[in-house]
Amino acid sequence: MKPTTDPRVAPNESPKTYRVKSFGCQMNVYDGERMGELLDEKGLSPAPEGEDADLVVLNTCHIREKAAEKIYSDIGRLTKGKTQKKAPMIAVAGCVAQAEGEEIMTRAPAVSMVVGPQAYHRLPDMLDSAVAGERATDTDMPAIAKFGALPARKRRSPTAFLTVQEGCDKFCTYCVVPYTRGAEISRPFSDLIDEARRLIEAGAREITLLGQNVNAWAGEDDAGRPVGLAGLIRAIAKLDGVERLRYTTSHPNDMEDDLIAAHGEVAKLMPYLHLPVQSGNDRVLKAMNRAHTAESYLRLLERFREARPDIALSGDFIVGFPGETEEEFQDTLAVIDEVRYSQAFSFKYSPRPGTPAATMDNQIPRDVMDDRLARLQERLNRDQRAFNDALVGKTCSILVERKGKLPGQWLGKSPWLTSVWFEGAAEIGDLIEVELVDAGPNSIAGRIPQTANAT
Ligand code: SAH
Ligand code: SF4
Ligand code: F3S
């Protein structure tokens, strides 16, 4: 930790309430929850909805330029009293903190603490410094140390995230994650079983295993045998109380046979796979350093479909990577037409400082990217709608996650991760049989069949 005494910063009153705002991926959501638990232990409590917080933690994402820039406008609004009446103490965490820690300290004097994704277990000590009027930055990367230093899980929710793997060694040429999150590490098997148990005790019925490259997870089971992600999934599935398992995000190159097999064998493993491809053109994939081809990717998906014919597929796409021609872009459309994704995430290429692609020749003009993204999304929307339409008439189990907008309405997820809403007798956390009756572009309306009972 590097405390800096700044004459502009007066000693602060000890904050009593906090709010963590997480941006970016689910791993940030997980980190945000854990920071909340640390602050709870320190004696703070979450600020009630709609009320000012004494401490605001901005848990940031650096993946695209827009995500990173947003943080400075958020800080501005917080200090000018636009977000809440009283300006709070501000901590910046997450991937922008890691990548631009020093810059944040210079550019935003209102920020008291900057803490990276591998160092946030030290947040309580940094808070003491901040209260004493010292600004503190901690962007060390002591691999895995934070997990041992965090308090026990206690979050109550039917769905829970569990980070099993962190960091990335893939170095795709457009991506900041290897720099902001560091090298790939796997958390130990027994720690993960223990955390899964605690999440279940706190009410989790669905657990999503998280990692930047979750399928690169590797460890040793209790008998000392080497296991991959499939072995971990099989072990967690044996725990009583958990009914659904998911994992995200996978990389095509780390896919083990046993994980594909598990989709056909482990009933609790949900029929859903998020497997980013980024581009459907081999020259572009090579320039991205993806180390797979369009064909090898498609063959991999076929094997998942053989193991679990109803599996829903999802992906990530980047349009306008430097040098991408119209013909090369068409290859991406061809992959979409072949796979027919149930949902997907698509982005315009955004040059990130320090990555190899940022200085490549032939950066694509914005209007070309806009046009390509619109055409790509038209197809993705078409397929998502078709996927939803095809579910109408089926009855499936829905995990109830929250109340809907109208009284008596409930929102939950199907096994294929589609949002489903329905009315009737239910409770948050129920797994309930629902008949799917009407599909929309982003969700499906359902109803409880006359004879069904909540389980
Ligand atoms: N580890 C995952 C996800 C990484 S970040 C993977 O390898 O797929 C999530 C998504 O953001 C990526 O899949 C990619 O589609 C997108 N992304 C990453 N860097 C980007 C950039 N510089 N410009 C645009 N999109 C980007
Ligand atoms: Fe980024 Fe590629 Fe690593 Fe995914 S695999 S986090 S896109 S470098
Ligand atoms: Fe963003 Fe960091 Fe996740 S850059 S996508 S928050 S790993």
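Which residues surround ligand 3? In this predicted model, where local features need pLDDT of at least 70, side-chain atom pairs count only at pLDDT 80 or more, and totals for chains, interfaces and linings use all residues, the residues around ligand 3 are Cys25, Asn28, Thr60, Cys61, His62, Ile63, Cys95, Val177, Arg181 and Gln212, a residue being counted as near a molecule if one of its heavy atoms lies within 4 Å of it. Residues are numbered from 1 along each chain as its sequence is written, chains are lettered from A and ligands numbered from 1 in the order in which they are written, and side-chain values use heavy atoms, with hydrogens and water left out.

The shell around ligand 3 takes at least three residues from domain 1 (2-138) and at least three from domain 2 (145-389), with bounds that come from an automatic or database domain assignment. Ligand 2 has around it Cys168, Lys170, Phe171, Cys172, Tyr174, Cys175, Val177, Pro178, Asn213, His251 and Arg290.

The table gives the make-up of each shell, where Ala, Val, Leu, Ile, Met, Phe, Trp, Tyr, Cys and Pro count as nonpolar, Asp, Glu, Lys and Arg as charged, and the others, Gly among them, as polar.

| Shell | Nonpolar | Polar | Charged |
|---|---|---|---|
| Ligand 3 | 5 residues | 4 residues | 1 residue |

Of the 15 residues around ligand 1, those that come nearest are Tyr174, Gln212, Gln278, Asp316 and Ser350. Polar contacts (pairs of N or O atoms within 3.5 Å) include a nitrogen atom of ligand 1 that is 2.7 Å from a polar backbone atom of Gln212, and an oxygen atom of ligand 1 that lies 2.7 Å from a polar side-chain atom of Gln278. Ligand 1 exposes 530 Å² when taken alone, and the protein buries 89% of that, as computed by the Shrake-Rupley method with a 1.4 Å probe.

Two or more residues of the shell around ligand 1 come from each of β16 (312-319) and β17 (343-348), strands being DSSP runs (E, at least two residues) and helices likewise (H or I, at least four), numbered from the N terminus. β16 and β17 run parallel and are joined by 6 bridges, and Ile318 has Phe347 in β17 as its bridge partner.

Two backbone features deserve a check. Gln278, in the loop between β15 (272-274) and α10 (282-287), has a positive phi near 75°, and the peptide bond from Thr248 to Thr249 is cis, with omega near 5°. Most residues other than glycine have a negative phi, and most peptide bonds are trans.

Technical notes: Polar contact = N/O pair within 3.5 Å; in protein donor to acceptor, adjacent residues only side chain to side chain. Pairing = 2+ DSSP bridges.
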